[in-house]
Amino acid sequence: GVAPAAARLLARFGFEELKMNRLEIVAAVGNKASQRVAEKVGATREGVLRNRIRVREKIYNAVMFSLIATDLI
């Protein structure tokens with residue numbers, strides 16, 4: 001799909017051009033589509049963060065994924 005391809009390009013830019021060591025992907029617990037994109041690019045699910053995301057006036061728990069250069073598929 002388009003979203004995983006875009007995420008891979010962005011991750012490569014972060015690792016290769018910006019010399020980042022780690023990228024984090026944070027998605028609301030209910031946002032299964034974004035979580036699936038993280039999984040498709042090879043990110044590791046690290047856990048649930050309570051009250052992590054605010055959208056307008058509502059606060060949501062979020063799932064944290066991490067990505068390091070060797071994880072990219």
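By class, which residues make up the lining of the largest pocket? The lining has 10 nonpolar, 1 polar and 1 charged residues. In this count Ala, Val, Leu, Ile, Met, Phe, Trp, Tyr, Cys and Pro are nonpolar, Asp, Glu, Lys and Arg are charged, and the others, Gly among them, are polar.

The model is predicted: local features need pLDDT of at least 70, side-chain atom pairs count only at pLDDT 80 or more, and totals for chains, interfaces and linings use all residues. Residues are numbered from 1 along each chain as its sequence is written, and side-chain values use heavy atoms, with hydrogens and water left out.

The protein chain contains 2 helices and 3 strands. Their order from the N terminus is α-β-α-β-β. Both kinds of element are DSSP runs, numbered from the N terminus (helices: H or I, at least four residues; strands: E, at least two). Along the principal axes, the C-alpha atoms fill a box of roughly 35 × 25 × 20 Å. The accessible surface of the chain is about 5,100 Å², and 54% of it belongs to carbon and sulfur atoms. Areas were computed by the Shrake-Rupley method with a 1.4 Å probe; for residues, only the protein chains shown count as cover. Of the 73 residues, 26% are buried. Buried means under 20% relative accessible area, exposed over 50%, and partly exposed in between (1.4 Å probe, protein chains only). Among contacts (heavy atoms within 4.5 Å) with a separation of 6 or more, 58% join residues 24 or more positions apart.

The largest pocket holds about 180 Å³ of space. On a 1 Å grid over the protein atoms alone, a pocket is an open set of points where a 1.4 Å probe fits, with protein on both sides within 12 Å along at least five of seven lines; lining residues have an atom within 4 Å of a point. Points are joined across faces, edges and corners, and the volume is the space filled by probe spheres set on them. The lining consists of Ala7, Leu10, Ala11, Phe13, Gly14, Leu18, Met20, Leu23, Glu24, Ile25, Val41 and Leu67. Two or more of these residues come from each of α1 and β1 (23-28). Helix α1 gives the most, with 5 residues.

Nonpolar side chains tend to be buried together in soluble globular proteins. The largest nonpolar core here has 10 residues: Ala11, Phe15, Leu23, Ala38, Val41, Ala43, Val63, Phe65, Leu67 and Leu72. Elements giving two or more residues to this core are α1 (2-17) and β3 (58-67). Strand β3 gives the most, with 3 residues. Such a core is a set of buried Ala, Val, Leu, Ile, Met, Phe, Trp, Tyr and Cys residues joined through side-chain atoms within 4.5 Å. Leaving out residues up to four places away in sequence, Leu72 touches Ala11, Arg12, Phe15, Val41 and Leu67.

Gln35 lies in helix α2 (residues 32-40). Its relative accessible area is 4%, so Gln35 is buried. Beyond neighbours within four places in sequence, Gln35 contacts Ala27, Ala28, Val29, Gly30, Arg45, Val63 and Phe65.

Strand β2 (residues 44-55) includes Arg50. Arg50 is exposed, with a relative accessible area of 73%. Its C-alpha atom is 9.7 Å from that of Val29, 21 residues apart along the chain. Asn51 is also found in β2. Asn51 counts as exposed because its relative accessibility is 57%. Phi of Asn51 is near 50°, a positive value in a residue other than glycine. Arg56 sits in the loop between β2 and β3. Phi of Arg56, another non-glycine residue, is positive, near 55°. At 73% relative accessible area, Arg56 is exposed.
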